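User: Hi, could you walk me through this model? I'd like the overall layout before the details.

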Amino acid sequence: MTSYLEDYADVPERDEYLEVVPEMTQDAIDSGSPANNARTPTREETEDLYVHLYDDAIAPALE
């Protein structure tokens with residue numbers, strides 16, 4: 001069975017997604033999850049991770 005991202009949630013346009021990246025980053029920091037890594041990522045690195053996730057995984061899945 002093939003599943004598609006759209007089957008699980010509405011996927012925002014990239015601009016809409018980028019607007020919430022700072023909030024998602026803060027939520028991640030507040031959760032303490034980044035500290036579970038061998039090296040705690042900076043805020044900028046965490047934001048970059050979210051952007052790369054969208055560009056490299058989410059956007060291609062929509063094509």
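User: What does the secondary structure of the protein chain come to?

Analyst: The protein chain has 2 helices and 0 strands. Helices (H or I, at least four residues) and strands (E, at least two) are DSSP runs, numbered from the N terminus. This is a predicted model, where local features need pLDDT of at least 70 and side-chain atom pairs count only at pLDDT 80 or more, while totals for chains, interfaces and linings use all residues. Residues are numbered from 1 along each chain as its sequence is written, and side-chain values use heavy atoms, with hydrogens and water left out.

User: Thanks! How do the axes of α1 and α2 cross?

Analyst: Their axes come within 9 Å and cross at roughly 140°. Axes here are lines fitted to C-alpha atoms, for helices over the stretch in contact, and angles run from 0 to 180 degrees between N-to-C directions. The two helices are therefore oblique to each other; angles under 35 degrees count as roughly parallel, over 145 as roughly antiparallel, 65 to 115 as roughly perpendicular and the rest as oblique.

User: And which residues make the contact?

Analyst: On the α1 side, they include Arg-14, Tyr-17, Leu-18, Val-21, Pro-22 and Thr-25. On the α2 side, Arg-43, Thr-46, Glu-47, Tyr-50 and Tyr-54 are among them. Contact means heavy atoms within 4.5 Å.

User: What's the contact of α1 with α2 like by class?

Analyst: By class, 11 residues are nonpolar, 3 polar and 4 charged. For that count, Ala, Val, Leu, Ile, Met, Phe, Trp, Tyr, Cys and Pro are nonpolar, Asp, Glu, Lys and Arg are charged, and the others, Gly among them, are polar.

User: Switching to rings: how many aromatic pairs does a search of the whole structure find?

Analyst: It finds 1 aromatic pair. The ring centres of Tyr-17 and Tyr-54 are 4.6 Å apart and the planes are at 35°, so the pair is tilted. Rings of Phe, Tyr and Trp (its six-membered ring) pair if their centres lie within 6.5 Å; planes under 30 degrees apart count as stacked, over 60 as edge-to-face and the rest as tilted.

User: Where do Tyr-17 and Tyr-54 lie?

Analyst: Tyr-17 lies in helix α1 (residues 14–31) and Tyr-54 in helix α2 (residues 43–62), so the pair ties together parts 37 residues apart in sequence. Tyr-17 and Tyr-54 are both buried. Buried means under 20% relative accessible area, exposed over 50%, and partly exposed in between (1.4 Å probe, protein chains only).

User: How much of the protein chain do buried residues make up?

Analyst: Buried residues make up 13% of the 63 residues. Thr-25 counts as buried, at 0% relative accessibility, and Thr-46 is buried too, with a relative accessible area of 7%.

User: What does Thr-25 touch?

Analyst: Not counting residues up to four places away in sequence, Thr-25 touches Arg-43, Thr-46, Glu-47 and Tyr-50. Thr-46, leaving aside its neighbours within four places, is in contact with Thr-25 and Pro-41.

User: I also noticed Pro-22. Where is it found?

Analyst: Pro-22 is in helix α1. At 41% relative accessibility, Pro-22 counts as partly exposed. Leaving aside neighbours within four places in sequence, Pro-22 contacts Arg-43 and Glu-47. Pro-22 and Arg-43 are 8.8 Å apart, C-alpha to C-alpha, and 21 residues apart in sequence.

User: Last one: is Leu-18 partly exposed or buried?

Analyst: Leu-18 counts as partly exposed, at 29% relative accessibility. Leu-18 and Tyr-54 are 36 residues apart in sequence, with 9.1 Å between them in space, C-alpha to C-alpha.
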